Amino acid sequence: MRFLLLSALLIFAFAGCSLTTYNRPILKGKIDNPDIIITAVDKSFTLKGEFTSPFQSSVGYNTLLMHDSRLCGAYRVALERDAKHVRVKVPNIEKELYGVLALDKADKDGIGPGTDSYKIVIPQPYIDAVKGGKISVVYEYYKLNSDGLMDVSKIKERSWILWVSDEDIFR
């Protein structure tokens, strides 16, 4: 009996963690470096400088569900959740990089600038690290507003995620 009560309590407590509702579209964004160009492999969009979001994915990898250290191989599931295959042109590299881009909706309880627009930044060390088929992952966090029932101050949501590599390993 005690086991059933404890199980029911745990299910109830963790059910709140899964009730994240990504229902606020993020309609605009900006790539921080004007020399970086992200183009869909299927040529359906090109992002450079300021842009209007060409799609909304539903990846929803927050730090509770997906710790940073496990994010590298998560592009497979992201593609199933409407992320897009892309090519990424970066300065000082002739060859375009390969990638997967997720542009997620914002959580209804999200706060901060990452819930209103995407700011895509790809630091040079992440570009340098992709040689030989290695994957770099860059993303932007935003926080959640606590509803008073549960402390969500340590959970960070990702508004966008970009996986990049110098080899086409994302197919």
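**Close-up 1. Serine 57 and aspartate 104 meet through their side chains in this predicted model.** The side chain of serine 57 makes a polar contact with the side chain of aspartate 104, at 2.7 Å. Serine 57 sits in the loop that links β5 (50-52) to α2 (75-80). Its relative accessibility is 3%, so serine 57 counts as buried. Residues up to four places away in sequence aside, serine 57 touches Arg81, Asp82 and Ala83 as well as Ala102, Leu103, Asp104 and Lys105.

**Close-up 2. Aspartate 82 has a positive phi.** Aspartate 82 is among the residues that serine 57 touches. Its place is the loop between α2 and β6 (84-89). Phi of aspartate 82 is near 75°, a positive value in a residue other than glycine. Aspartate 82 counts as partly exposed because its relative accessibility is 42%.

**Close-up 3. Asparagine 92 also has a positive phi.** Here the loop runs between β6 and β7 (97-103), and asparagine 92 lies in it. Phi of asparagine 92 is near 70°, and this residue is not a glycine. With 78% relative accessibility, asparagine 92 counts as exposed.

**Close-up 4. Three strands form an open sheet in the order β5-β2-β10.** The pairing is mixed. β5 and β10 stand at the edges with a single partner strand each, so one side of each has no neighbour in the sheet. Neighbouring strands of this sheet are turned by 20° against each other on average, direction ignored. Strands of a sheet pair through backbone hydrogen bonds, either parallel or antiparallel. Both kinds of pairing can be followed from β2. Strand β2 (residues 28-31) runs antiparallel to β5, and 3 bridges join the two. β2 and β10 run parallel and are joined by 4 bridges.

**Close-up 5. Lysine 30 has a bridge partner in β5 and another in β10.** In β5, the partner is glutamate 50. In β10, the partner is lysine 119. The side chains along β10 alternate. Tyr118 and Ile120 point to one face and are buried.

Close-up 6. Valine 121 counts as partly exposed because its relative accessibility is 32%. Leaving aside neighbours within four places in sequence, valine 121 is in contact with Asp32, Val138 and Trp160. Aspartate 32 is 89 residues away from valine 121 in sequence. In space, their C-alpha atoms are 5.4 Å apart.

**Close-up 7. Residues 2-19 have pLDDT under 50.** For this stretch the model has 3 contacts beyond four places in sequence. Where pLDDT is low, the predicted coordinates should not be read in detail. For the protein, the mean pLDDT is 86, and 86% of the residues reach 70 or more.

**Overview. The protein has 3 helices and 12 strands.** It has 171 residues, and 39% of them count as buried. Among contacts with a separation of 6 or more, 70% come from residues 24 or more positions apart. The accessible surface of the protein comes to about 9900 Å². Carbon and sulfur atoms account for 57% of that surface.

How values were computed
Residues numbered from 1 in each chain as written. Predicted model: local features only at pLDDT ≥ 70, side-chain atom pairs only at ≥ 80, totals over all residues. Heavy atoms only, no water. Buried < 20%, exposed > 50% of the residue type's maximum accessible area, 1.4 Å probe, protein only. Contact = heavy atoms within 4.5 Å. Areas by Shrake-Rupley, 256 points an atom, 1.4 Å probe, with all protein chains shown as cover. Polar contact = N/O pair within 3.5 Å; in protein donor to acceptor, adjacent residues only side chain to side chain. pLDDT = per-residue confidence, 0-100. Pairing = 2+ DSSP bridges. Axes fitted to C-alpha atoms, helices over the stretch in contact; angles between N-to-C directions.
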